[in-house]
Amino acid sequence: MGNKGDATREYIKEKAYTLFAEKGFKDVTMKDVCEVTGLSRGGLYRHFDSTAQIFEEIFLELTGKTEQDFAERIDAGENARQMLEDILEKYKEEIEEKERTLTLAIYEYSQAVNSEFLIELNRTSKVKWKEFIKYGVDQGEFVDVEIDAVVDLILYAYQGARMWSKILPVDRGVSRHIVDCIYGMLLEKGEKKEE
């Protein structure tokens, strides 16, 4: 596919992201995607076979960027503490930005289409987080913790807060508490995140 085709695919994913964030997964149709993109059905089907395919590409892109960022920054020998601050700031923003969350769509997708897809993504996320925390411990920037337990708390607190923020009013204090608890687990007692 040429540059124009690639640009069209990116445009479709950008517009579909908004639909999935607003409506979840099950209520988005290819007709909806045609309407928001201005493409004909034939034009849309030249790029994607289904809403599931669009959703998977969006989700893989989002998770892939985070995982690639971890790997590249570790390979470059970057400061683990700075990496933690960057990712937790992103997590905090995502919890607070309920209009752009895909949490409901992710849940519906796993129920309707493919739970194995998300199980594998979760497994991969756990591996990357474990590698990152081990890196921080090895660098002497994080305290020696039970890595599996900390990774579970990070991933499930984050995902839970994102899910609840879609259906309940979640104030900024919640995201701040989650982030502060993660810092508390990984940094020396009394050490605070630099403001």
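1. Leaving aside its neighbours within four places in sequence, which residues is Phe142 in contact with? In this predicted model, the partners of Phe142 are Ala80, Arg81, Leu84, Phe132, Ile133, Gly136, Val137, Leu186 and Leu187.

2. On the overall fold, the protein chain holds nine helices and zero strands, and when read along the sequence it gives the pattern α-α-α-α-α-α-α-α-α. Of the 195 residues in the protein chain, 43% are buried. When contacts between residues at least 6 apart in sequence are taken, 73% of them join residues at least 24 apart.

3. On the largest nonpolar core, which has 28 residues, the members that touch the most other members are Leu84, Trp129, Phe132, Ile133 and Phe142. At least two residues of this core come from each of helix 5 (80–96), helix 7, helix 8 and helix 9 (172–186), and the most are given by helix 5, with seven residues. Another core lies apart from this one and has 25 residues, among them Phe20, Leu44, Ile54 and Phe55. As a general matter, nonpolar side chains tend to be buried together in soluble globular proteins.

4. On the loop between helix 7 (115–138) and helix 8 (147–167), Gly140 has its place there, and with a relative accessibility of 60% this glycine counts as exposed, because the cut-off for that class is over 50%. Gly140 and Leu187 are 47 residues apart along the chain, while their C-alpha atoms are separated by 9.8 Å. Leu187 is also one of the residues in contact with Phe142.

5. On the packing of helix 6 (residues 103–112) with helix 7, the two meet at an angle of about 125°, and their axes are 6 Å apart. Helix 6 brings Ile106, Tyr109 and Ser110 to the contact, and helix 7 brings Ser115, Phe117 and Leu118. Sorted by class, the residues of this contact are four nonpolar, two polar and no charged.

6. Not counting residues up to four places away in sequence, Lys92 touches Ser175, Arg176 and Val179.

7. On helix 2 (residues 30–37), the buried residues are Met30, Asp32, Val33, Cys34 and Thr37. Gly38 follows this helix, and its phi is positive, near 80°.

8. On the cysteines, are Cys34 and Cys181 buried or exposed? Cys34 has a relative accessible area of 8% and is buried, whereas Cys181, with a relative accessible area of 52%, is exposed. The count of disulfides comes to zero, where the rule asks for a pair of cysteine sulfur atoms within 2.5 Å.

Key:
Residues numbered from 1 in each chain as written. Predicted model: local features only at pLDDT ≥ 70, side-chain atom pairs only at ≥ 80, totals over all residues. Heavy atoms only, no water. Buried < 20%, exposed > 50% of the residue type's maximum accessible area, 1.4 Å probe, protein only. Helix = DSSP H or I, 4+ residues; strand = E, 2+ residues; numbered from the N terminus. Core = buried A, V, L, I, M, F, W, Y, C linked by side-chain atoms within 4.5 Å. Contact = heavy atoms within 4.5 Å. Axes fitted to C-alpha atoms, helices over the stretch in contact; angles between N-to-C directions. Nonpolar A, V, L, I, M, F, W, Y, C, P; charged D, E, K, R; others polar.
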